[in-house]
Amino acid sequence: MEQQGQKPRRIVGIFILLGVLLFMGAVSYFVGRPLIRFLDRPGQFRTWVDSHGIWGRLAFVGANALQVVVALIPGEPFEVGAGYAFGFLEGTLLCMIAIVLGSAVIYLLMKLVGVRFALLFFTQEQLDSVRFLQDDEKVSIVTFLLLFIPGTPKDLLSYGAGLTKISFWRWLLIVSIARIPSVATSTLGGAHLGEQNYWASALIFGATALISLAGLLLYRRYTKNKKSF
């Protein structure tokens, strides 16, 4: 009887989340499409945002949140563009709002739909590579550290976290703190580009690339050790 009662709630939840995704998609298409088109042209991107005021910012958050859910879309251009157009502080804040919103949608969809939703963006082998999260007693700490370290596959980890015992609010707390360093470095580099401080921007992006490479190597070593046990 309890399972029968859960099924209608699950269906309602799925429709609500699909509605949220459709809304974000509509905002991205009708308002944010020019914004996305200008991401590789920072000067025009800033002009477009300034001319649209609060709507430009809402469009950016909606498009960026949708990017978080649709893992095939790279997030780096959004973060660099945000730093260029909004400056370091506001750009970081807007990116973090989008990431938290997108991460919330991912978590809920994974709980409601399960692995089938993740298979839209990842292979079964990729999902199996983060299966260790489900069995780790310190899953919250491990997930936080893996999201905090630059270079780790954060999209894949976000989907994997939805299959763990991490609670919804704890997950959002983890994301809202652990994702700050990687976002802040990108927006800071973008902000320096906006100020035409190219040397500082190149230094930031170069250092970030090296740290990310080190983080990726550490992540691969960690997951390899996990598989050996």
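This is a predicted model: local features need pLDDT of at least 70, side-chain atom pairs count only at pLDDT 80 or more; totals for chains, interfaces and linings use all residues.

Visitor: What share of the residues count as buried?
Guide: Buried means under 20% relative accessible area, exposed means over 50%, and partly exposed is in between (1.4 Å probe, protein chains only). The protein has 229 residues, and the buried share is 45%.

Visitor: Why is helix 4 largely enclosed by the rest of the structure?
Guide: Helix 4 covers residues 76-86. Its buried residues are Phe78, Glu79, Val80, Gly81, Ala82, Gly83, Tyr84, Ala85 and Phe86.

Visitor: Which residue just after helix 4 takes a positive phi?
Guide: Look just past the end of helix 4, where phi is about 90°. The residue there is Gly87.

Visitor: Is Gln196, with its positive phi, buried or exposed?
Guide: Gln196 has a phi of about 60° although it isn't a glycine. You'll find Gln196 in the loop between helix 12 and helix 13. Its relative accessibility is 58%, so Gln196 counts as exposed.

Visitor: At what angle do the axes of helix 5 and helix 11 cross?
Guide: Axes are lines fitted to C-alpha atoms, for helices over the stretch in contact, and angles run from 0 to 180 degrees between N-to-C directions. The axes of helix 5 (residues 88-113) and helix 11 (residues 168-178) come within 10 Å, and their crossing angle is roughly 145°.

Visitor: Which residues of helix 11 make that contact with helix 5?
Guide: Contact means heavy atoms within 4.5 Å. Helix 5 brings Met96, Ile99, Val100, Ser103, Ala104, Tyr107 and Leu108. From helix 11 come Phe168, Trp171, Leu172, Val175 and Ser176.

Visitor: How many nonpolar residues does that contact of helix 5 with helix 11 have?
Guide: Ala, Val, Leu, Ile, Met, Phe, Trp, Tyr, Cys and Pro count as nonpolar, Asp, Glu, Lys and Arg as charged, and the others, Gly among them, as polar. The contact has no charged residues and two polar ones, while the nonpolar count is ten.

Visitor: What is the volume of the largest pocket?
Guide: On a 1 Å grid over the protein atoms alone, a cavity is a set of points where a 1.4 Å probe fits but cannot get out, and a pocket is an open set with protein on both sides within 12 Å along at least five of seven lines; lining residues have an atom within 4 Å of a point. Grid points are joined across faces, edges and corners, and a volume is the space filled by probe spheres set on the points. For the largest pocket, that's about 530 Å³.

Visitor: Which helix gives the most to the lining of the largest pocket?
Guide: The lining has 27 residues, with Glu76, Glu79, Lys154, Arg179 and Ser182 nearest the centre. Helix 3 (42-69), helix 4, helix 10 (154-161), helix 12 (180-194) and helix 13 (198-228) each give two or more residues. The top giver, with six residues, is helix 13.

Visitor: How much space lies in the largest cavity?
Guide: Cavities of 30 Å³ or more come to a count of one. Val115, Gln124, Leu127, Val130, Arg131, Gln134, Gly160 and Leu163 line the largest cavity. The space in there is about 50 Å³.

Visitor: How far apart in space are Gly215 and Leu146?
Guide: Gly215 is in helix 13, and at 3% relative accessibility it counts as buried. Gly215 and Leu146 are 69 residues apart in sequence, yet C-alpha to C-alpha the gap is 8.9 Å.

Methods:
Residues are numbered from 1 along each chain as its sequence is written. Side-chain values use heavy atoms; hydrogens and water are left out. Helices (H or I, at least four residues) and strands (E, at least two) are DSSP runs, numbered from the N terminus.
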